[in-house]
Amino acid sequence: MADVLEALPVFGLLLALVLAVGLLLVRLWSAWLRRKRRPRNPVRGLNYLLNEDPGADPDADDVAAEVTHATLDGHLARATVLRRRGDIDRAVRLHQSLLARPALDSDARARVELELARDYLAAGLLNRAESLLAVLVRRDDPLRQAALEARLELHQRERDWTAAAATARELAASGAADIARTLAHYLCELAEEAWRDRDLRGARRQLTEALEQDPGCVRANLLRARLELEEGHYREASAACRQVPDQDPRFLPEALPMLVEAHHELGTDHDLLQFLEAVGAAHLHGARSDVSAGTYICDACGFCGPLLQWQCPACKTWGSIAPQVADPSD
Ligand SMILES: [Zn+2]
């Protein structure tokens with residue numbers, strides 16, 4: 001009996017310990033369940049947000065409790081950082097909360113709407129982005145150009161080249177620099193579509209316009225050469241290829257197989273040899289050895305890959321990738 005009495009405090013201690021561990025486990029389990037229910041995927045999170053009242057979110061209340069002209073820049077900068085690091089749902093929530101503030105005037109509202117459209121673009125919610133941008137591009141102030149640029153990105157994502165070309169023309173008319181090269185590539189995309197639909201007249205018309213927009217558009221001549229070769233128009237194919245070295249000599253190896261085929265079919269190999277001598281055989285050999293190694297480099301960002309792509313997958317610039325040309329002296 002005495003032993004039992006002596007052991008009682010130990011049992012009590014053990015019981016308390018078991019209860020404490022049990023309580024801790026229950027708390028950890030509840031916290032895990034709460035985290036699991038919270039949407040993590042940005043797009044899933046967005047859908048949740050778009051169907052809920054953003055004002056009911058404590059994050060939104062915290063962000064936009066006080067909005068004045070002085071604080072708006074700070075809020076927009078914070079949302080941009082959120083979007084860039086992939087927290088798109090929080091960026092959207094922030095922008096929606098800003099738009100819910102009655103103190104915002106029309107210009108400030110337009111700035112927030114543009115940022116919200118960029119959030120939607122980043123999340124792949126293209127219809128929502130388009131409905132905001134469709135209104136913003138009708139403005140008559142510097143914001144219009146930014147809205148047109150966002151719309152251009154949207155059309156590219158949709159691969160809607162007709163709309164992209166129309167928006168690029170609007171940008172060119174509003175004085176945007178360096179848009180002609182991009183527009184020429186949209187026209188080349190349209191030419192490829194027309195060619196796939198066997199609309200050869202349409203394809204040729206798009207390529208002619210691409211060269212009018214950007215006389216340095218190598219892609220338009222390479223495409224024209226391929227089309228004419230396939231149609232058996234060897235003189236036209238040769239003429240398109242011969243323009244390539246003047247546009248960018250690095251692309252001559254891309255044109256050369258078509259040039260050889262066209263002159264072979266015409267029986268004018270001698271003319272071809274004369275042409276090659278004129279453009280410089282040494283340069284040609286240097287470039288060929290490198291292209292066969294499969295190296296294409298982006299002039300804008302240095303991206304390097306084994307395929308010729310007309311839009312750089314890294315920096316998204318059009319027409320910036322070219323075959324790497326080795327120094328003939330190497
Ligand atoms: Zn690049």
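Student: Which residues is phenylalanine 303 in contact with, leaving aside its neighbours within four places in sequence?

Tutor: In this predicted model, phenylalanine 303 is in contact with Cys298, Cys312, Pro313, Ala314 and Cys315, once neighbours within four places in sequence are left aside. The residue itself belongs to the loop between strand E1 (296-298) and strand E2 (304-305), and its C-alpha atom is separated by 8.2 Å from that of isoleucine 321, 18 residues along the chain.

Student: What makes phenylalanine 303 partly exposed?

Tutor: Phenylalanine 303 has 17 other C-beta atoms within 10 Å. A residue needs 20 or more to be buried and 12 or fewer to be exposed, so a value of 17 falls in between and phenylalanine 303 is partly exposed.

Student: Why is H4 called roughly antiparallel to H5?

Tutor: The axes of H4 and helix H5 (residues 88-99) come within 7 Å and cross at roughly 160°. Because angles over 145 degrees count as roughly antiparallel, the crossing makes H4 roughly antiparallel to H5. On the H4 side the contact is made by His75, Arg78, Ala79, Leu82 and Arg83, and on the H5 side by Ile88, Arg90, Ala91, Leu94, His95 and Leu98. By class, these residues divide into 6 nonpolar, 2 polar and 3 charged, and the crossing of H4 and H5 is left-handed.

Student: What makes H12 roughly parallel to H14?

Tutor: Helix H12 (residues 218-230) and helix H14 (residues 252-266) have axes that come within 10 Å and cross at roughly 30°. Angles under 35 degrees count as roughly parallel, so H12 is roughly parallel to H14. Leu222, Ala225, Arg226 and Leu229 in H12 meet Glu254, Ala255, Met258, Glu261 and Ala262 in H14, a contact with 6 nonpolar, no polar and 3 charged residues.

Student: How do you know that helix H15 lies largely in the open?

Tutor: Of the 11 residues of helix H15 (residues 269-279), the number buried is 0, and therefore this helix lies largely in the open. Just after H15, glycine 280 takes a positive phi of about 105°.

Student: Which residues have the most contacts inside the largest nonpolar core?

Tutor: The largest nonpolar core has 61 residues, and those with the most contacts inside it are Ala117, Leu187, Ala210, Cys241 and Ala255. Leucine 187, with its neighbours within four places in sequence left aside, is in contact with Ala165, Gln206, Glu209, Ala210 and Gln213. In soluble globular proteins, nonpolar side chains tend to be buried together. Buried residues make up 32% of the 330 residues in the chain, whose secondary structure comes to 16 helices and 3 strands.

Terms used. Residues are numbered from 1 along each chain as its sequence is written. This is a predicted model: local features need pLDDT of at least 70, side-chain atom pairs count only at pLDDT 80 or more; totals for chains, interfaces and linings use all residues. Helices (H or I, at least four residues) and strands (E, at least two) are DSSP runs, numbered from the N terminus. Two residues are in contact if their C-beta atoms, placed from the backbone, lie within 7 Å. Axes are lines fitted to C-alpha atoms, for helices over the stretch in contact, and angles run from 0 to 180 degrees between N-to-C directions. Angles under 35 degrees count as roughly parallel, over 145 as roughly antiparallel, 65 to 115 as roughly perpendicular and the rest as oblique. A crossing is left-handed if the near helix is turned anticlockwise from the far one by less than a right angle, and right-handed if clockwise. Ala, Val, Leu, Ile, Met, Phe, Trp, Tyr, Cys and Pro count as nonpolar, Asp, Glu, Lys and Arg as charged, and the others, Gly among them, as polar. A nonpolar core is a set of buried Ala, Val, Leu, Ile, Met, Phe, Trp, Tyr and Cys residues joined through C-beta atoms within 7 Å.
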